[in-house]
Amino acid sequence: MDTSLPRLTDQPDWLYLLQEFDVLYRHGSSGGSKLIRGHRKRVRDMLSKVVDAAPELRPRAPEAKPVVAHLGRALDRGERGAVAGLARALGRVAGTLTWEYGYEKVPPALARKYAYCEVLGPRGPVVAERLILGFVLFAPKTTYPQHSHAEIEESYVSVSGAWSENDAAVHAPGSLILNGSGHEHRITTDETEPCLLAYAWIGPEEKLNAPGMKLTGTRGKRVERGI
């Protein structure tokens with residue numbers, strides 16, 4: 001073990017960010033859904049084990065993508081909304097985040113309007129084996145094409161901005177969407193404001209290390225499936 005690496009307890013801004021995730025998944029409503037209630041508990045339990053272990057931090061090189069130009073606006077609005085604590089905590093570490101795409105090939109239009117950053121997971125910077133926590137940022141008027149995640153249970157919680165999944169409803173800050181393994185979904189965002197979502201992934205370590213992300217449907221197939 002490299003003893004030069006700092007531990008989570010040595011970097012309070014990262015610790016506070018994880019505490020805000022705990023608040024998000026502990027006190028948010030399940031809407032009466034047993035599936036969502038169970039997912040919230042699994043996220044909390046896994047996160048508590050990571051925090052209690054005070055793991056080493058494995059810093060990654062900061063990296064921006066074009067959409068990060070909208071992060072300041074998203075954080076400003078988030079700090080005035082239902083998930084203000086998480087928005088403020090993210091702002092404290094914003095300069096150290098590694099934004100990425102997760103796909104080998106990204107359509108040029110999407111590359112300007114989307115990116116995500118992992119804050120806890122197999123690749124760090126806070127190391128965990130079966131849980132990933134992070135954020136995904138969308139520019140205004142973005143369509144994130146149809147996709148799914150095999151063997152991964154995923155939730156999104158709105159931090160800032162309005163968005164829709166599969167054109168089914170409009171979700172505001174504080175709302176949670178749960179996508180089960182293999183569930184096909186497509187995201188669209190508001191025409192005038194960026195959208196910042198917190199997300200949690202639960203799954204086998206090998207899948208979280210290499211989720212094999214790919215865009216899975218053409219517009220024609222999406223229309224056939226009603227999404």
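Select N166 and E184. A polar atom of the N166 side chain lies 3.3 Å from the backbone oxygen of E184. That pair is a polar contact: N or O atoms within 3.5 Å, where within protein one must be able to donate a hydrogen and the other to accept it, and residues adjacent in sequence count only if both atoms are side-chain atoms. N166 is in the loop between β7 (163-165) and β8 (176-179). Helices (H or I, at least four residues) and strands (E, at least two) are DSSP runs, numbered from the N terminus. N166 has a relative accessible area of 14%, so N166 is buried. Buried means under 20% relative accessible area, exposed over 50%, and partly exposed in between, with a 1.4 Å probe and protein chains only.

This is a predicted model, in which local features need pLDDT of at least 70 and side-chain atom pairs count only at pLDDT 80 or more, while totals for chains, interfaces and linings use all residues. Residues are numbered from 1 along each chain as its sequence is written, and side-chain values use heavy atoms, with hydrogens and water left out.

**Same loop, next residue**

Select D167. D167 also belongs to the loop between β7 and β8. Is D167 buried or exposed? D167 is exposed, because its relative accessible area is 51%. Check its backbone: phi is positive, about 55°, although D167 is not a glycine.

**Along β8**

Select L178, in strand β8. L178 counts as partly exposed because its relative accessibility is 25%. Leaving out residues up to four places away in sequence, L178 touches L35, I36, H39, E153, E154 and S155. Contact here means heavy atoms within 4.5 Å.

Select S30. It is in the loop between α1 (12-27) and α2 (34-52). S30 has a relative accessible area of 15%, so S30 is buried. Which residues does S30 contact, beyond its neighbours within four places in sequence? They are I36, R37 and R40.

**Whole chain**

Zoom out. The chain has seven helices and 10 strands. Of its 227 residues, 48% are buried. Among contacts with a separation of 6 or more, 72% join residues 24 or more positions apart.

**The cores**

Select W14, L17, F21, L86, L120, L133 and F135. These have the most contacts inside the largest nonpolar core, which has 43 residues. A nonpolar core is a set of buried Ala, Val, Leu, Ile, Met, Phe, Trp, Tyr and Cys residues joined through side-chain atoms within 4.5 Å. Elements that give two or more residues to this core are α1, α2, α3 (71-78), α4 (84-93), β2 (114-121), β4 (131-138), β6 (153-160) and β10 (195-202). Helix α1 gives the most, with seven residues. Another core, of 20 residues, lies apart from it; select Y144, W163, I177 and W201, which are among its members. In soluble globular proteins, nonpolar side chains tend to be buried together.

Select α3. L71, A74, L75 and G78 are buried there. They sit on the same side of α3, because they cover an arc of only 95° around the axis. The arc is that of the directions from the helix axis to the C-beta atoms. What covers these buried residues includes α4, β1 (99-100), β4, β6 and β10.

Move to α4. Its buried residues are A84, L86, A87, A89, L90 and V93. They pack against α1, α3, β4, β6 and β10.

**A pocket**

Select M46, K49, V50, A53, P55, V127, A128, E129, R130 and L131. They line the second largest pocket. Which element gives the largest share of that lining? Helix α2 does, with three residues. The pocket holds about 220 Å³ of space. On a 1 Å grid over the protein atoms alone, a pocket is an open set of points where a 1.4 Å probe fits, with protein on both sides within 12 Å along at least five of seven lines; lining residues have an atom within 4 Å of a point. Points are joined across faces, edges and corners, and the volume is the space filled by probe spheres set on them.

**Backbone stops**

Select G124 and P125. The peptide bond from G124 to P125 is cis, with omega near 10°. P125 is in the loop between β2 and β3 (126-127).

Finish at K141, in the loop between β4 and β5 (143-147). K141 is not a glycine, yet its phi is positive, about 55°. Its relative accessible area is 59%, so K141 is exposed.
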